[in-house]
Amino acid sequence: MKKRVTLTFPKRSVHMPVTYRLAKDFNVAANIIRAQVTPNQIGTLVVELSGDIDQLDAALDWMRSQDIGISLASREIVIDDDLCVHCGLCTGVCPTTALNLDPQTFKLNFTRSRCVVCEQCIPTCPVQAISTNL
Amino acid sequence: MRSIAEINDKILRQQAVVWTVEELKAKVQEIGITQAAKQVDVITTGTFEPMESSGAILNIGHTDPPIKIRQCWLDGVPAYSGFGAVDLYLGATQMVDYAGVGDSEGQDLRDRGGGHVIADLVAGKPVHLRAIGQVTDCYSRASFETTISCDTINQFYLFNPRNLYQNFIVGVNGGDRPLFTYLGPLQPQLGNAVYSNPGAISPLMNDPDLQLVGIGTRIFLGGGIGYVAWEGTQHFPLQKRLPNHTPIGPAATLALIGDAKQMQSRWVRGCYFKNYGSSLMLGVGVPFPVLQEEVVAHCAVQDQDLVAPVMDFSIPRRVRPTFGLVTYAQLKSGKIAIDGKAVRVAPLASIYLSRQVAQELKQWIEAGQFTLTEPVAAIPMDRSFVAQDRRGTQINLE
């Protein structure tokens with residue numbers, strides 16, 4: 001199964017090779033969506049973890065024991081279908097093509113799994129149809 | 001081939017053959033221009049895009065005692081009142097006047113402008129009105145405050161000085177900082193490109209010489225019935241044209257008018273471009289009577305036959321440097337090449353909703369609810385495009 005989590009590292013854990021440990025000890029693949037890590041500062045990492053459900057839970061428990069903050073409610077982009085006019089302006093600033101226009105219908109598609117929550121689409125939308133759920 | 005009177009007769013008997021312009025283009029590929037022209041009576045076109053030179057005329061009715069309004073705000077957005085006592089004109093790009101808004105709400109209202117207030121009135125929502133009057137012997141009242149809606153005022157009609165651009169430009173940013181434009185954000189180093197005309201489905205791309213559209217032409221405007229009122233501002237029919245007569249950049253424009261009380265909020269939407277300002281997104285549909293084969297030949301034009309110039313917005317001058325012409329087929333593919341670099345392209349007109357405008361207009365005509373009109377007068381096709389330069393000597397003698 002897959003789980004998208006936001007990890008918050010205290011200063012002293014920043015040096016730890018977390019994704020290596022997840023892979024080696026728990027057989028969990030960590031796909032980094034966004035990261036902000038600087039030496040001697042609190043770091044944050046948005047990752048999509050995939051692996052066996054029990055091992056995922058064990059990995060989350062282990063990270064908690066290392067004082068790594070875990071938030072399962074990660075910020076996501078939400079599109080209000082009543083407001084969206086399918087102009088497609090957001091597709092030009094989306095770096096991962098998570099937002100794209102159907103080549104036939106020119107209707108807006110949002111592929112959530114590709115979204116890195118960079119939020120560039122939010123101020124671009126002329127009808128304020130895009131927001132985050134947090 | 002057929003006259004407008006004959007077509008209207010068929011429409012009223014619900015026997016007219018109506019195709020959207022996309023259906024027509026597909027049919028022409030299949031059976032050719034001559035056969036298609038024999039079959040179809042009316043071709044419908046539509047667009048849905050921001051049209052910032054739009055505005056609404058309102059007459060709010062007389063108060064007792066009466067007021068001669070000299071300054072007025074609708075939801076904090078100033079409306080022009082320099083004509084008859086309670087006549088107002090609200091422009092789509094007019095920004096909220098902070099002085100007129102309570103301080104706690106100011107933050108949320110910054111993204112709102114005249115376009116949003118017009119859209120709210122169309123949607124039947126209440127709008128706060130504050131007016132200051134000039135006291136005279138005819139009009140004794142000095143100020144007035146109330147809440148209005150489209151049902152509590154006399155006239156409420158859109159009168160848009162410049163709509164329905166025949167072609168437009170493609171915006172890019174060759175500079176090194178992000179730009180916030182009327183085409184939305186343009187990222188530096190050619191990070192993205194934006195085009196705003198829906199190309200081959202756009203009404204005036206299918207009638208390049210404006211032979212079918214003139215003053216008095218009945219149209220679909222914002223989900224209600226409207227009319228072509230005049231040539232639009234910055235109407236520039238003398239723009240360079242391709243052999244198929246379509247312009248290579250912004251060309252003809254039309255002034256449109258229509259009763260906003262009949263409009264539907266789905267087709268009239270306020271919008272806001274970050275760090276640029278507010279505007280109004282509007283659905284406009286134009287029907288073309290198939291009077292002769294030439295009408296079908298013009299409407300058969302495809303995206304690969306139409307071009308727009310790529311303009312660099314990083315040079316803030318009237319004449320901006322251009323990266324040359326691209327076709328609408330390239331634009332709609334989502335990528336264009338500029339100086340050998342692949343650039344992401346996004347539309348600003350909603351092609352999805354533009355198609356629905358053409359579809360809805362087709363249904364109106366098929367149902368016998370919408371008949372076609374002969375233009376009262378033609379739109380001039382010889383207007384030059386004057387720039388505003390200071391006249392006379394520029395030498396300062398002081």
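Predicted model: local features only at pLDDT ≥ 70, side-chain atom pairs only at ≥ 80, totals over all residues.
Trainee: How many residues of chain A are in contact with chain B?

Mentor: On the chain A side there are 16, and they are in contact with 24 residues of chain B. By class, the chain A side that touches chain B has eight nonpolar, seven polar and one charged residue.

Trainee: Into which domains is chain A divided?

Mentor: Domain 1 covers 2–71 and domain 2 covers 77–132. Their C-alpha centres lie 29 Å apart.

Trainee: What length does α2 of chain A reach?

Mentor: Helix α2(A) spans residues 53–65, 13 residues in total, and reaches 19 Å from its first C-alpha to its last. That is close to the 18 Å expected at 1.5 Å a residue.

Trainee: Which of its residues are buried?

Mentor: In α2(A) the buried residues are A:L56, A:A59, A:L60 and A:M63. Viewed down the axis of α2(A), they fall within an arc of 100°, so they line one face of the helix. An α-helix has 3.6 residues a turn, so residues three or four places apart point the same way.

Trainee: And what is on the face turned away from the buried side of α2(A)?

Mentor: That face carries the exposed residues A:D54, A:D61 and A:S65.

Trainee: What covers the buried residues of α2(A)?

Mentor: The cover includes β1 (2–9), α1 (18–26), β3 (43–50) and β4 (69–71), which belong to chain A. Just after α2(A), A:D67 takes a positive phi of about 65°.

Trainee: Turning to chain B, how many helices and strands does it have?

Mentor: Chain B has seven helices and 24 strands. Its C-alpha trace spans about 70 × 60 × 45 Å along the principal axes.

Trainee: Which domains are assigned in chain B?

Mentor: Domain 1 of chain B consists of 4–52 + 163–376, and domain 2 of chain B of 61–153. Between their centres, taken over C-alpha atoms, there are 33 Å. In the contact between the two, 15 residues of domain 1 of chain B meet 15 residues of domain 2 of chain B.

Trainee: Which elements give two or more residues to the domain 1 side of that contact?

Mentor: They are β18 (268–273) and β19 (277–289) of chain B. Strand β18(B) gives the most to that side, with five residues. By class, the domain 1 side that touches domain 2 of chain B has six nonpolar, six polar and three charged residues.

Trainee: Why is helix α4 of chain B described as largely enclosed?

Mentor: Nine of the nine residues of α4(B), residues 114–122, are buried, so the helix is largely enclosed by the rest of the structure. Among them are B:H116, B:D120 and B:L121. The helix is followed by B:G124, whose phi is positive, near 85°.

Trainee: Is B:E145 buried or exposed?

Mentor: B:E145 is exposed, because 10 other C-beta atoms lie within 10 Å and a residue with 12 or fewer counts as exposed. B:E145 lies in strand β8 (residues 143–148) of chain B. Leaving aside neighbours within four places in sequence, B:E145 is in contact with B:L129 and B:R130. B:E145 and B:K125 are 20 residues apart in sequence and 17 Å apart in space, C-alpha to C-alpha.

Trainee: Now the backbone. Which residues does a cis peptide bond join?

Mentor: The cis peptide bond joins B:D64 and B:P65, with omega about -10°. B:P65 is in the loop between β3 (55–59) and β4 (69–74) of chain B. Most residues other than glycine have a negative phi, and most peptide bonds are trans.

Trainee: What is the phi of B:N167, and what is that of B:L190?

Mentor: Phi of B:N167 is positive, near 75°, and phi of B:L190 is positive, near 55°. B:N167 is found in the loop between β9 (156–163) and β10 (170–172) of chain B, while B:L190 is in the loop between β12 (184–186) and β13 (192–195) of chain B.

Definitions and conventions. Residues numbered from 1 in each chain as written. Chains lettered and ligands numbered in written order. Contact = placed C-beta atoms within 7 Å. Nonpolar A, V, L, I, M, F, W, Y, C, P; charged D, E, K, R; others polar. Buried ≥ 20, exposed ≤ 12 C-beta atoms within 10 Å, placed from the backbone. Helix = DSSP H or I, 4+ residues; strand = E, 2+ residues; numbered from the N terminus. Domains from an automatic or database assignment. Expected span 1.5 Å × (residues − 1). Arc of directions from axis to C-beta.
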